Amino acid sequence: MTTRAEPVRGSALLNSATRHSTSRCVALCLMSTASTGAGLLLPAALGRTLDLLLAHTPATGWVVYCAGIVLLLALLDACETVLGGTVDARTTGWLRRRLTGHVLAVGPRAGARFGPGELVARLVGNAAQAGTTPAARAALLAALAGPVGGIVALGLIDPWLAAVFLAGAPVLTLLLRAFARDTTRCVADYQQLQGRIAGALAEAVAGRRTIEAAGTADKEAARILGPLPELSRAGHRMWRVQGRAAAQASAVAPLLQLGVVAVAGVLLTRHRLSVGDVLAASRYAVLATGVGVLVGQFASLARGRAAAGRLDEVLGEPATAHGARRLPPGPGRLELRGVTARRGGRTVLDGLDLVVPGGTTLAVVGRSGTGKSLLAAIAGRLADPDAGEVLLDGVPLPHLTHNDLRRSVSYAFERPSLLGTTIQDALRLGVRRPSPARIREAARTARADDFVRRLPHGYATRCADAPRSGGESQRLGLARAFAQDSRLLILDDALSSLDTVTEAQITDSLLAHGSGGTRLLIAHRAATAARADAVAWLDGGKVRAVGTHAELLRIAGYRAVFGDGGRT
C-alpha cells in the first residue's frame with residue numbers, strides 16, 4: 001500500500017534559494033521575456049512581409065527584419081540555456097551546502113531519524129530537483145507572457161479574434177491548475193519511495209559482509225527492490241497526470257486555434273483582414289494556447305516544490321545549540337546529575353548520577369543493551385539527555401561554545417571513520433596544532449606507528465590504498481584521539497578489536513600519556529576494567545556501584561557481566 005506523503009512544505013527554502021541567485025534570476029527573467037517578445041514580433045513581421053510580396057511591393061527590408069528576429073531568437077535561446085544551467089548549478093550547490101552544514105550541526109540525531117541512505121538521496125537527488133526551481137520561476141513570466149501577448153496581439157488585429165479565444169480560455173486555465181495540484185502530490189509520493197530504496201541500499205552496502213556470510217544476497221536484493229512496484233505505480237500515476245493534462249489541454253488548444261482561424265477567414269472574406277493578418281493570427285493563436293511550455297514549467301515547479309519539502313524536513317530537525325561560556329582551567333572533572341535518556345520509547349538511562357574525578361580513569365561496564373554507548377555519547381555531548389545535566393569542571397556542557405566543547409572532549413570509537421585523503425590527514429582531523437611530530441607520537445602511543453610505516457608511502461598513503469584490519473583501524477582512531485590531547489578522552493568500546501597484549505600496552509601507555517586528563521572507557525574485558533582507577537557498574541539504567549575492579553568482584557552480579565568470573 002502506498003504511503004501518502006506529508007503536506008509539501010519548502011516555500012521559504014525555495015524563496016531563500018531564489019534570493020541566493022537574485023541577479024542571475026532577474027537576468028534570466030529579462031532574457032527569457034525578451035525572447036518571448038521577439039517571438040511575438042515575428043508573426044506580425046511575417047504577415048506584413050507576406051502582404052507586401054502578394055502586392056508585388058519591394059519587401060527586402062521586411063525580409064531582413066524577419067531574418068534579424070530569427071537570429072536574435074537563436075542568440076537569446078543560447079544565452080538563456082547557459083544562464084539557466086548556471087542558476088541551476090549555483091542553487092543546487094547552495095542547497096547542498098546548507099543541508100550538509102545543518103546535518104553536521106544536528107549531529108548523530110539526523111542519521112538516526114532519516115538514515116544515511118535517505119540523507120544521501122535527499123542531498124543528491126532532491127537538492128538537484130529543488131535547485132531547478134529558481135530558474136523555472138524566472139522563466140515562468142516569459143511562459144505566461146507568451147499566451148498573454150498572443151491574446152493581446154489577436155485583439156490588436158481584430159477584437160473578435162481575442163473574444164473567440166477568451167471564450168474557451170477558462171477551460172484551459174482550470175486544466176492547468178488541476179495539473180499543478182495533482183502533479184505535486186504524485187511527485188512527493190514518488191520521491192518518498194525513492195528515498196526508501198536508497199536507505200535500504202545503503203544499509204545493505206554497509207552490511208555486505210554479513211549478507212555474504214549468511215548467503216542471503218537474493219533475499220536482500222528482494223528487500224531493497226521491494227518498493228519497486230509501488231515506485232512503478234507512483235511513476236505511472238505521475239506520468240498519467242501529466243499525460244492527461246497535456247492531452248486535455250491539447251484537445252482544447254486546437255479547437256481554440258481553429259476557432260480563431262475560422263473567424264479570421266470570415267473577416268478576410270469581408271476585407272477586414274489581409275492574408276498576412278490571417279497568417280499572423282494563426283501564429284498568435286498557437287502562442288496564446290502555449291500549452292506545452294506551461295505544462296513543462298508547472299511540472300518543473302511541482303517537482304522542485306516536492307523536493308524542497310523533503311529537504312525542509314531535514315532542515316526542520318533542530319540543530320544542537322551551544323552557549324557562550326569558555327571552559328575555565330581545571331583537571332577535567334566530569335559529573336552527570338540525574339541523567340535520563342529514552343530511546344524508542346524505552347528509558348535506557350534513568351536518573352543516573354556519576355562523578356569522574358579530574359585526572360582519573362573510569363571504566364564503565366555492563367551487560368549489552370544497558371546504555372553504555374549512550375552514556376558515552378551524553379558525556380561528551382554527542383547526544384543530549386531528556387532530563388538532567390552533564391558538567392565538565394563545573395560548567396554544563398550546553399553552556400560551552402562549540403569550539404571549547406570540541407577542543408576539550410575527544411572520542412575514539414569501535415568503528416572509527418578515517419576522514420581525509422591520506423593517513424596523516426585522517427590523524428590530523430580535529431587537532432589544533434597538527435605537527436608531524438605530534439601525529440607520530442600519538443601513533444606510537446596507539447601502537448599504530450609500526451604498521452603505518454610499513455605502508456607503501458607511510459603516513460602519506462591514501463586511506464583508500466591502505467588495507468587494514470579492524471584492530472589497525474581502531475589503533476588509528478585511538479591515535480587521532482590521543483593527538484588531540486583534550487581534557488576529557490572518551491573511549492567508546494575503542495579497544496574491542498585489539499588482541500589482549502596490544503590492548504594492555506595501549507592502556508598502560510594511555511594511563512601514563514594522559515595523566516593530565518580524564519578518561520572514560522567503555523569496557524568489555526575484565527583486564528581493561530582492572531587497569532582503571534575506578535569502575536562504574538551500569539545496570540537497569542542506573543549506576544549500581546562504583547569502586548575498583550577488585551572491590552566490585554565481590555558482587556555476584558558484577559562478576560556475571562564478564563561471564564568468566566571477571567578474573568584477569
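**Helices and sheets**

Student: How do H1 and H6 stand to each other?

Tutor: Start with the angle: in this predicted model, the axes of helix H1 (residues 11-20) and helix H6 (residues 133-157) cross at roughly 80 degrees and come within 9 Å. Helices (H or I, at least four residues) and strands (E, at least two) are DSSP runs numbered from the N terminus, while axes are lines fitted to C-alpha atoms, for helices over the stretch in contact, with angles from 0 to 180 degrees between N-to-C directions. Angles under 35 degrees count as roughly parallel, over 145 as roughly antiparallel, 65 to 115 as roughly perpendicular and the rest as oblique. H1 and H6 are therefore roughly perpendicular.

Student: Which residues of H6 make the contact with H1?

Tutor: Contact means heavy atoms within 4.5 Å. By class, the residues divide into 3 nonpolar, 4 polar and 1 charged, where Ala, Val, Leu, Ile, Met, Phe, Trp, Tyr, Cys and Pro count as nonpolar, Asp, Glu, Lys and Arg as charged, and the others, Gly among them, as polar. H1 gives Ser11, Leu14, Asn15, Ala17 and Thr18, and H6 gives Thr133, Pro134 and Arg137.

Student: Before we go on, what do the numbers rest on?

Tutor: Residues are numbered from 1 along each chain as its sequence is written, and side-chain values use heavy atoms, with hydrogens and water left out. As this is a predicted model, local features need pLDDT of at least 70, side-chain atom pairs count only at pLDDT 80 or more, and totals for chains, interfaces and linings use all residues.

Student: Is the crossing of H2 and H3 left-handed or right-handed?

Tutor: Helix H2 (residues 22-54) and helix H3 (residues 60-106) pack at about 160 degrees with axes 9 Å apart, so they are roughly antiparallel. Their contact has 23 nonpolar, 6 polar and 4 charged residues. A crossing is left-handed if the near helix is turned anticlockwise from the far one by less than a right angle, and right-handed if clockwise. For H2 and H3, the crossing is left-handed.

Student: What is the handedness where H2 crosses H11?

Tutor: The axes of H2 and helix H11 (residues 275-289) come within 7 Å and cross at roughly 160 degrees, which makes H2 roughly antiparallel to H11. Among the residues in contact are Gly39 and Leu40 of H2 and Val275 and Tyr284 of H11, and by class the contact divides into 11 nonpolar, 3 polar and 3 charged. The crossing of H2 and H11 is right-handed.

Student: How far apart are the end C-alpha atoms of H3?

Tutor: The expected span of a helix is 1.5 Å times one less than its number of residues. With 47 residues, H3 should span 69 Å, which agrees with its end C-alpha atoms being apart by 68 Å.

Student: What is the strand order in the open sheet of 4 strands?

Tutor: Two strands pair if DSSP finds at least two bridges between them. Strand E1 (residues 334-343) is joined to E2 by 7 bridges, and E1 also pairs with E4 over 5 bridges. Strand E4 (residues 387-392) is joined to E5 by 2 bridges. Strand E2 (346-356) and strand E5 (395-396) stand at the edges, each with a single partner strand, so the order, with antiparallel pairing, is E2-E1-E4-E5.

Student: Which residue in the turn between E1 and E2 has a positive phi?

Tutor: E1 and E2 form a hairpin with 2 residues between them. In the paired strands, Ala341 has Leu349 as its bridge partner in E2. The turn residue with a phi of about 60 degrees is Gly344.

Student: What does the twist average in the open sheet of 6 strands?

Tutor: The order of this sheet is E6-E7-E8-E3-E9-E10, with mixed pairing. Its edge strands are strand E6 (409-413) and strand E10 (542-547). From one strand to the next, the twist averages 20 degrees.

Student: Which residue in E10 stands opposite Ala536?

Tutor: Strand E9 (residues 534-539) runs antiparallel to E10, joined by 5 bridges. Opposite Ala536 stands Val546.
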